[in-house]
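Please walk through this structure with me, contact by contact. Keep the sequence and the 3D view side by side.

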Amino acid sequence: MLFSFLERVNRESEHLTQEDVDAVKAAGWSDEALYDAITVCSLFNFYNRWADATGVREHPVELYQRSAERLAQGGYVPPTPASPPPDTER
């Protein structure tokens, strides 16, 4: 039910009604889950259109593989710098 609703968000959001929202909730989806799903769907739409319009293209597969390996080993913690940044205070 949720994916059918999101398909309508993608294709005909201007025709969505409160009854459509109520049907998704009646299928067991919470307000928070519905809000999150609509937000993620909308952001993907935005980013896809932005990337298309600005000419941004996908990275090579190798870059994604290196990133996956790095995340698998260290998570989202930034790597420790090789040396401390220079002192910017004068």
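How many aromatic pairs does the count come to? The rule is this: rings of Phe, Tyr and Trp (its six-membered ring) pair if their centres lie within 6.5 Å, and planes under 30 degrees apart count as stacked, over 60 as edge-to-face and the rest as tilted. The count comes to one aromatic pair. The ring centres of F46 and Y47 are 5.0 Å apart and their planes lie at 65°, so this pair is edge-to-face. F46 is partly exposed at 48% relative accessible area, and Y47 is partly exposed at 49%. Here buried means under 20% relative accessible area, exposed over 50%, and partly exposed in between (1.4 Å probe, protein chains only).

A word on the model. It is predicted: local features need pLDDT of at least 70, side-chain atom pairs count only at pLDDT 80 or more, and totals for chains, interfaces and linings use all residues. Residues are numbered from 1 along each chain as its sequence is written, and side-chain values use heavy atoms, with hydrogens and water left out.

Now the charges. The whole structure holds four salt bridges, each a side-chain nitrogen of Lys or Arg within 4 Å of a carboxyl oxygen of Asp or Glu. One of them joins R8 to E12, with the closest N and O atoms 2.7 Å apart. Both residues sit in helix α1 (residues 2-12), four residues apart, so about one helical turn separates them. Helices (H or I, at least four residues) and strands (E, at least two) are DSSP runs, numbered from the N terminus. R8 is partly exposed at 25%. E12 is partly exposed too, at 30%.

R8 also bridges to D20, with the closest N and O atoms 2.8 Å apart. This pair links distant parts of the chain: D20 lies in helix α2 (residues 18-26) and R8 in helix α1, 12 residues apart. Another bridge pairs D31 with K25, at 2.7 Å between the closest N and O atoms. K25 is partly exposed, at 34% relative accessibility. Shared partners join R8, E12 and D20 into one salt-bridge network.

Last, the pocket lining. Y47 returns here, among the residues that line the largest pocket, including N48, D52, R57 and H59. Helix α3 (residues 31-54) gives the largest share of this lining, four residues. The lining divides into four nonpolar, two polar and three charged residues. Ala, Val, Leu, Ile, Met, Phe, Trp, Tyr, Cys and Pro count as nonpolar, Asp, Glu, Lys and Arg as charged, and the others, Gly among them, as polar. A pocket is an open set of points on a 1 Å grid over the protein atoms alone, where a 1.4 Å probe fits, with protein on both sides within 12 Å along at least five of seven lines; lining residues have an atom within 4 Å of a point.
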